[in-house]
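This note is meant for a colleague who is opening the model for a first look. The points below are numbered so that each can be checked against the structure in turn.

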Amino acid sequence: MTTSDVTMPVRRRDGAAVIDLQGDVNGRAEHSLNAAWEEATRTTPDAVVLNFETAGYINSTGIALIVGLLAMARARGISIRAYGLTPHYREIFEITRLADFLAINPDEDSAVRGAEGATHA
Amino acid sequence: MTTLARSFRRRFLGRSTEADRAVRDTEQPVATSHDEQAPVDIAPNDPLLAYLQSASGAVNVEALALDSPALAELKAAGVKLAVPLVSQGELIGVLNLGPRRSEQDYSTDDRKLLDNLAAQAAPALRVGQLVRQQQAEAATRQRFEQELEVARLIQQNFLPKQLPELAGWQVAAYYRPAREVGGDFYDVIPLPDDRIGFVIGDVTDKGVPAALVMAATRSVLRASAQRLVDPGAVLERVNEHLCPDMPEKMFVTCLYGVLEPTTGHFRFANAGHDLPYVKTADGSVELRARGMPLGLMPGMFYEEKEAVLAPGESLLLHSDGVVEAHDPEGAMFGFPRLKEAVARYPGGGELIDRVLTDLREHTGTTAEQEDDITMVTLARSPSAAHPTIGVGPTHQLVEFEVPSAEGNERLALQRVSAIVTPLGLDQARLKRLETAVGEATMNAMEHGNGYRVDQPVTVRVLTEANLVRVQITDLGGGAPERETEEPDIEAKLAGLQRPRGWGLFLIKNMVDEAHETSDGAEHTLELVMHLDDVSAVPDEGGEQ
């Protein structure tokens, strides 16, 4: 059971802003994820990279939060990339077509560089 | 010289004890002679007491002027001299003397002689009093120990001589009476159709009275269990039998449950006993059912509940001697710690051993056990599910409830996952089922029950030939149709659809079949996964 919000740290690397998603990505993560997005896009980065390596359970509300980030990114012309997804959540990203709108990379290096190993650019 | 020597009654000094009463009860009148008088009682507030306590020697009674009923009585009895017997500053008796036979007054030498006699007699008298007091106390202790032994014999005679051996189950029990035997008991009752009745109870009070009530309760309960099927009806019958003859201020707490070993169904009712705990894949949960203790008042109703012990789960019945054991600082072991122990430790006999170890650490190894300690565990083997697969009709593995509160879908999906794992579903498909169960439970809590915690979501897991069904039921059967819009991510990104609305879409894409039914009161979503379908998704060894 999710019991509390967690902070989602933002790191800057080679022009990209990396958000380390912590804990469950569900309704309770909304505040911390939006705060991380604000921090990541305070100065426009080349891309925002979502690190799912430290994320836990992702439910449909979490999917909706990521859709919200994609909408904001689209409005500002920022690309979003992701890495660290388990095969199960990668499948969900594909079923929901999230994977059509963000690049899924195998690791952080490729996600920061962009395109390499990604399923979609 | 006539002597009227008697030790007066110690109760006047306000120190009456059981042993003192025993001394008094055994006192016999001094052998009578024609000039021997009856002893004179001195009331505790009589000023004569204080006077004699502080007197330096024999007191001339006739010359004494005090507003004292005892003094008047002494004078009336013809007492001339009163010689206080004082030992270690305490007045323990008075030597009363009548007139000399020579009819002369007592001389100074007489009085000195009497003072010397009193000084030597007082310690000897005190020793005699103490010896008799100790003898009386020893007799009392012996009677008490004999009663406790009787109570122990009664209780142990009524405990099960052996526990049942059930295929796929481990049954273990522990009973240890406190020195002052309490009223704990447990029982295991063979019932028709291979069902087994389990009883745990506690009679208020200790010793022989508690043991006798325990014996009566056990006998009535055994007889009722054979005649009645429902645990609640059994407790009602027992209550009706006990009420007329229950001693004042006594009652019995008791939990009675009936186990169907083949299915794991445990139907139970509770007459105010400490709640049992079930160890599940997610931790431990209490089994609640309402009911007043037995023997308090007639006409009581006992709520019945049912739990299903899934493979790998275990049940602990316990008495308050566990949770109410104190550490040297006075802190109780407590329910939370016991609940945590059930969640953390393996079930069965090992759970009992681990809890006893924790208890010893809590109380200290030298502390005397405060109350009876009783524990009974029923542990279902983790492999018990396998024989049910593919053998014919639908078979329910578990039914449980989840309070409608945000985040609780995790409880449902984790528990279902633990139940389904032994069925052989591959890892990728198990993850899909987990996601579907989580989403379905979330929908049920939100759209069906409006996140009202008092309206739980019911989850059932069933198997039949080569498939598993998970039914998720809420109380929103009369609500409008839910999530009818097919989510389209492009429409969502364009702001034409709200970002949410993925739940049912995910569910339908995660499982082989999904069926919705409503009956106006309840809404059920059934998720189906085929156990032999390994083609849908390759197992990439993924983890959530």
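1. In chain B, Leu338(B), Ala341(B) and Val342(B) of helix α8(B) meet Leu351(B), Arg354(B), Val355(B) and Asp358(B) of helix α9(B), where two residues are in contact if their C-beta atoms, placed from the backbone, lie within 7 Å. By class, this contact of α8(B) with α9(B) holds five nonpolar, no polar and two charged residues; Ala, Val, Leu, Ile, Met, Phe, Trp, Tyr, Cys and Pro count as nonpolar, Asp, Glu, Lys and Arg as charged, and the others, Gly among them, as polar.

2. Before going further, please note that this is a predicted model, in which local features need pLDDT of at least 70 and side-chain atom pairs count only at pLDDT 80 or more, while totals for chains, interfaces and linings use all residues. Residues are numbered from 1 along each chain as its sequence is written, and chains are lettered from A and ligands numbered from 1 in the order in which they are written.

3. Helix α8 (residues 335–344) and helix α9 (residues 348–363) of chain B pack at an angle of about 140 degrees, with their axes 10 Å apart; axes are lines fitted to C-alpha atoms, for helices over the stretch in contact, and angles run from 0 to 180 degrees between N-to-C directions. α8(B) and α9(B) are therefore oblique to each other, given that angles under 35 degrees count as roughly parallel, over 145 as roughly antiparallel, 65 to 115 as roughly perpendicular and the rest as oblique. The crossing of α8(B) and α9(B) is right-handed, a crossing being left-handed if the near helix is turned anticlockwise from the far one by less than a right angle, and right-handed if clockwise.

4. As for chain B overall, it has 13 helices and 19 strands, these being DSSP runs numbered from the N terminus (helices H or I, at least four residues; strands E, at least two). Of the 544 residues in chain B, 38% are buried; a residue is buried if 20 or more other C-beta atoms lie within 10 Å of its own, exposed if 12 or fewer, and partly exposed in between. Among the contacts in chain B with a separation of 6 or more, 69% come from residues 24 or more positions apart.

5. Which strands make up the open sheet of five strands in chain B, and in what order? The order is β6-β7-β8-β9-β12, with antiparallel pairing, where two strands pair if DSSP finds at least two bridges between them. β6(B) and β12(B) (304–308) stand at the edges with a single partner strand each, so one side of each is left without a neighbour in the sheet. From one strand to the next, the twist averages 15 degrees.

6. Within this sheet, strand β7 (residues 196–203) of chain B has eight of its eight residues buried, so it is largely enclosed by the rest of the structure. Ile196(B), Phe198(B), Ile200(B) and Asp202(B) point one way from β7(B), whereas Gly197(B), Val199(B), Gly201(B) and Val203(B) point the other way. Eight bridges join β7(B) to β6 (residues 183–190) of chain B in the antiparallel sense, with Gly183(B) standing opposite Val203(B). Eight bridges also link β7(B) to β8 (residues 252–260) of chain B, again antiparallel, and there Asp202(B) has Thr253(B) as its bridge partner.

7. Finally, 25 residues of chain B are in contact with 24 residues of chain A. The elements that give two or more residues to the chain B side are α10 (409–420), α11, α12 (489–493) and α13 of chain B, and α11(B) gives the largest share, five residues. In chain A, the buried residues of helix α3 (residues 87–95) are His88(A), Tyr89(A), Glu91(A), Ile92(A) and Phe93(A), and what covers them includes β5 (55–58) and β7 (103–105) of chain A together with α11 and α13 of chain B.
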